[in-house]
Amino acid sequence: DPQQLELATSSKRRLRRFIVIDEVVDELYGSKVREYFEENNVQYKILALPTTEETKSMDLVLNILQEVQNFSIDRRTEPIIAIGGGVCLDIVGLAASLYRRRTPYIRVPTTLLSYVDASVGAKNGVNFLQCKNKLGGYTPPVASFLDRSFIQSIPRRHISNGLGEILKMALMKHKGLFDLLKGHGKYLLDTKFQSYGGSADHGDAALQTTRIAIETMLEELAPNLWEDDLDRLVDFGHLISPELEMRVLPSLMHGEAVNIDMAFMTYVAHVRGLITNEEKEQIIQCMRGLELPVWHSGCSWSLIKRALTERLKHSGGQPRMPLPTGLGVAEIFNDTSEETLERAYKLWVRD
């Protein structure tokens, strides 16, 4: 809003910002963040918190809101800034949506997963009663600032974790993105998604991969921001994984749990005759190349059945199962029999 912008910049009042930063990110980048605000003569409060799946709770949201209240922000012109991974962005988004009914906030993702996933869209939330994101809402940020240089400091496993969500978009919507991951996966892991001028063999694979992943995600989310339509291709990998992830915490990261779900569903698609054996093998080999798990002992047949029953409760009584029908193309199915699922499960376990 140009009027608000003019008011904020012409005001005699000093600029003020409330920042929530993940405590690990604060150790790495906190001094630079503080330096930035000091150089720009901004009065600021930085709240460094442990933001993990285990701490992703309403208690942490209330802790943030107590500090916001103490700092006292103008809810029109002083957005809350979240700097961290997906959990941090989710928690701060929920806190901002509750404070004075809606306070603007800005997302600054610092992991690959949050860069291509949590930074896009309107959702926020916290875990509740051992259920993933059971409490939450739809309040989009006023902006997401994307800077890949944050990703260079995260461990290799976290890069692989983010590649799980990128692969999801490739399998559902973009054969070219799948080919990029298949051809450059190891390079992206080795270089931690940084761009180097001297890598002619790979072009700027990091920029291409992240840009396509975000664009395809936006294509899918933007027309259905509030999830009025429950048929969502972006739910691929998210039918069984919420149950699995919460059950085995903290042994699996989000993108890893999603990939295990996608691996099983790839077998379901094959057993249904939607993809060939060669396509199934290409998908599984790509997953292995991205150093993602394709199976987990915690993903039992009983857990799968329980997760799919839970799915029915939240998707209008239909499974709404996204499945690949080729490489980079997909459809949503409501007619997969239990017999087909069990056959796919046995084949998956055997392999």
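1. Helices (H or I, at least four residues) and strands (E, at least two) are DSSP runs, numbered from the N terminus. Over residues 48-160 the chain is 35% helix and 25% strand. The end C-alpha atoms of that stretch are 26 Å apart. UniProt lists residues 48-160 as "domain: 3-dehydroquinate synthase N-terminal", in an unreviewed entry. UniProt positions are given in the numbering used here, feature names are shortened, and such annotations may be inferred rather than shown by experiment.

2. This is a predicted model: local features need pLDDT of at least 70, side-chain atom pairs count only at pLDDT 80 or more, and totals for chains, interfaces and linings use all residues. Residues are numbered from 1 along each chain as its sequence is written, and side-chain values use heavy atoms, leaving out hydrogens and water.

3. Start with the sheet. Strands of a sheet pair through backbone hydrogen bonds, either parallel or antiparallel. Here, 5 strands form an open sheet in the order 2-1-3-4-7, with parallel pairing. Two strands count as paired if DSSP finds at least two bridges between them. Strand 2 (43-49) and strand 7 (143-144) stand at the edges. Each has a single partner strand, so one side of each is left without a neighbour in the sheet.

4. Look inside the sheet next. Strand 3 (residues 80-84) and strand 4 (residues 105-109) run parallel and are joined by 5 bridges. Isoleucine 81 has isoleucine 106 in strand 4 as its bridge partner. Helix 2 (residues 23-39) packs on the sheet, touching strand 1 (16-22), strand 2 and strand 3. Contact means heavy atoms within 4.5 Å. The direction of helix 2 makes about 160 degrees with that of strand 1. Axes are lines fitted to C-alpha atoms, for helices over the stretch in contact, and angles run from 0 to 180 degrees between N-to-C directions. Helix 4 (residues 86-98) lies across strand 1, strand 3 and strand 4, at about 165 degrees to strand 3.

5. Now helix against helix. Helix 6 (residues 156-173) and helix 10 (residues 254-271) pack at about 40 degrees, with axes 7 Å apart. They are therefore oblique to each other. Angles under 35 degrees count as roughly parallel, over 145 as roughly antiparallel, 65 to 115 as roughly perpendicular and the rest as oblique. The contact residues divide into 4 nonpolar, 5 polar and 4 charged. Ala, Val, Leu, Ile, Met, Phe, Trp, Tyr, Cys and Pro count as nonpolar, Asp, Glu, Lys and Arg as charged, and the others, Gly among them, as polar.

6. Helix 6 also packs on helix 8 (residues 205-221), at about 65 degrees, with axes 9 Å apart. Among the residues in this contact are Met169 of helix 6 and Ala213 of helix 8. The division is 4 nonpolar, 2 polar and 4 charged.

7. Check the hairpin. Strand 8 (residues 321-324) and strand 9 (residues 330-333) pair in the antiparallel sense over 4 bridges. Leucine 323 stands opposite glutamate 331 in strand 9. The hairpin has 5 residues between its strands, and glycine 328 in the turn has a positive phi of about 85 degrees.

8. Two backbone details remain. Most residues other than glycine have a negative phi, and most peptide bonds are trans. Arginine 101 has a positive phi, near 70 degrees, and lies in the loop between helix 4 and strand 4. Leucine 249 and proline 250 are joined by a cis peptide bond, with omega about 0 degrees. Proline 250 lies in the loop between helix 9 (241-248) and helix 10.
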